[in-house]
Amino acid sequence: MEFRQLQLFVAVAEELHFGRAAARVGMAQPPFSQQIRKLEAELGVELLTRTSRRVALTPAGSRFLDDARELLSRRVEVISTVRRAAQGETGPLRVGFGASSAFGILPRIVLRFRSRFPEVKLELDDREKLDVGVALSTGDLDLAIVRAPFRHDGVTVEQLLRERFVLALPARHPRARQKVVALASLASEPFILFPRHAAPGLHDTITSMCLGAGFSPLIHQEASSWPSVVGMVEAGLGITIAPMSAQALRPQGVVFRELSGAPGWAELAVAFRGPQLMPAAAHFRAIAHETVTLTRE
C-alpha cells in the first residue's frame, strides 16, 4: 500500500464519482480505477460499491477513509518535522559553558536563541569536571562557550569577545577607596581563584599578568563557581581578578576597581567539533556573534 493509493482513495471517497475523482488528481479514469481495485485487493476488502448510477462507501470503506486521512495528515506532519529538524528548528542542542562565562553575554545569547528557536530543546551543561574538549570530540556537546585560549585536537575555536580585567575586593578593603589599583601592589594580597582545570587559558592569563607585575599570586582559596568566589571575597577571605563582565552581577559587599599594569585580555570563544556545525548549533553560533555585536553598539 502506497501513500499515492491513499490519496486516490480519499479523492473518490469524497467525490463518490470516479470521473470527478480522477480529474481532481490529474489522472485518466482507467488507471485511477485500477489503482483503487489494486488497493482493495491488497487489503482484501471491498471499500466501494459501484453501480452504473452511483458509487458508495462500504462500512469498511468508511472506516478506512478516516484512517487514510489520518495517515496522510501524519505523513505531512512527519515530513514537516524532518525538514524543520534538518534546518535546525527542532531537536536537541547541547551547549557547554564554564562558570566564568555564565555571567555577562551568555544569558543574553540564550534568551535571543530561545526566542527565535523555541522548539529546539536547549540543554546547558556547566559540570565542574566536564572536559569540554573531549565532550565536543565525542559528540556529548554540540558546542561550547569557553574562555580562550582553548585548544583541543579536532575542535574549532572562534573568538567572541575580548574584555579587560578588573579587581574584585571586599567593600571594606582599604583599596576599595581607590578608583584604580596597580596590579603590582597586590603582591601580598590573598587571592581567590578557580582551579586551573576549570579554565586553563583564563587561569594562565591571570597568573601570567601577576608574574609580569613582579609577583606570583598567593592563592589562598579555590572555588569552582563564580558565586562561591564572590562569596569568599565578600567574606573578606581575599581578592580576585575577573573579566570586566563580572561587574554585571553586582554582588553585595564586593566592589570592582580598574586595574593598572594588567595588560592581558579575558577572551570568550565559541568552540565546536570540526569545520562544520549541525544546523541548530550553527544558529546558536550565529546568534552568539550577533549578540556580541549588538552589545558593542
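In which loop is the place of Pro-149? In this predicted model, Pro-149 sits in the loop between β5 and β6, where helices (H or I, at least four residues) and strands (E, at least two) are DSSP runs numbered from the N terminus. The peptide bond that joins Ala-148 to Pro-149 is cis, with omega near 0 degrees.

Residues are numbered from 1 along each chain as its sequence is written, and side-chain values use heavy atoms, with hydrogens and water left out. Because the model is predicted, local features need pLDDT of at least 70 and side-chain atom pairs count only at pLDDT 80 or more, while totals for chains, interfaces and linings use all residues.

The domain assignment of the protein gives domain 1 (3–87), domain 2 (91–160 + 268–296) and domain 3 (161–266); such bounds come from an automatic or database domain assignment. The C-alpha centres of domain 1 and domain 3 are separated by 72 Å. For residues 1–58, UniProt lists "domain: HTH lysR-type" in an unreviewed entry; UniProt positions are given in the numbering used here, feature names are shortened, and annotations may be inferred rather than shown by experiment. The span of residues 1–58 is 62% helix and 10% strand, and its end C-alpha atoms lie 19 Å apart. Leu-16 is found in the loop between α1 (3–15) and α2 (18–25). Although Leu-16 is not a glycine, its phi is positive, at about 50 degrees. The relative accessible area of Leu-16 is 37%, and the residue is partly exposed; in this classification, buried means under 20% relative accessible area, exposed over 50%, and partly exposed in between (1.4 Å probe, protein chains only).

Helix α5 (residues 105–116) comprises 12 residues and reaches 17 Å from its first C-alpha to its last, close to the 16 Å expected at 1.5 Å a residue; the expected span is 1.5 Å times one less than the number of residues. Its buried residues are Ile-105, Leu-106, Ile-109, Val-110 and Phe-113. Viewed down the axis of α5, these buried residues fall within an arc of 130 degrees, so they line one face of the helix; the arc is that of the directions from the helix axis to the C-beta atoms. Leu-111 and Ser-115, on the other side of α5, are exposed. Arg-108 also has its place in helix α5 and, at 39% relative accessibility, counts as partly exposed. Arg-108 touches Thr-291 and Thr-295, residues up to four places away in sequence not being counted; contact means heavy atoms within 4.5 Å. Between Arg-108 and Ile-287, the separation is 179 residues in sequence and 9.6 Å in space, C-alpha to C-alpha.

The largest nonpolar core has 25 residues, and those with the most contacts inside it are Leu-93, Phe-113, Leu-122, Leu-143, Ile-145 and Phe-284. A nonpolar core is a set of buried Ala, Val, Leu, Ile, Met, Phe, Trp, Tyr and Cys residues joined through side-chain atoms within 4.5 Å. Leu-122 touches Leu-93, Val-95, Val-110, Phe-113, Arg-114 and Phe-284, not counting residues up to four places away in sequence. A second, separate core of 22 residues includes Phe-165, Leu-193, Phe-194 and Val-255.

Strand β4 also holds Asp-125, which is buried, with a relative accessible area of 15%. With residues up to four places away in sequence not counted, Asp-125 touches Val-95, Gly-96, Phe-97, Leu-130 and Leu-141.

In helix α8 (residues 226–234), which contains Pro-227, the buried residues are Trp-226, Val-229, Val-230, Met-232 and Val-233. Seen down the axis of α8, the buried residues fall within an arc of 160 degrees, so they line one face of the helix. Among the elements that cover the buried residues of α8 are β7 (165–170), β9 (190–193), β10 (218–222), β11 (240–243) and β12 (254–260). Pro-227 is exposed, with a relative accessible area of 62%. Pro-227 and Ala-282 lie 55 residues apart in sequence and 30 Å apart in space, C-alpha to C-alpha. Helix α8 is followed by Gly-236, whose phi is positive, near 85 degrees.
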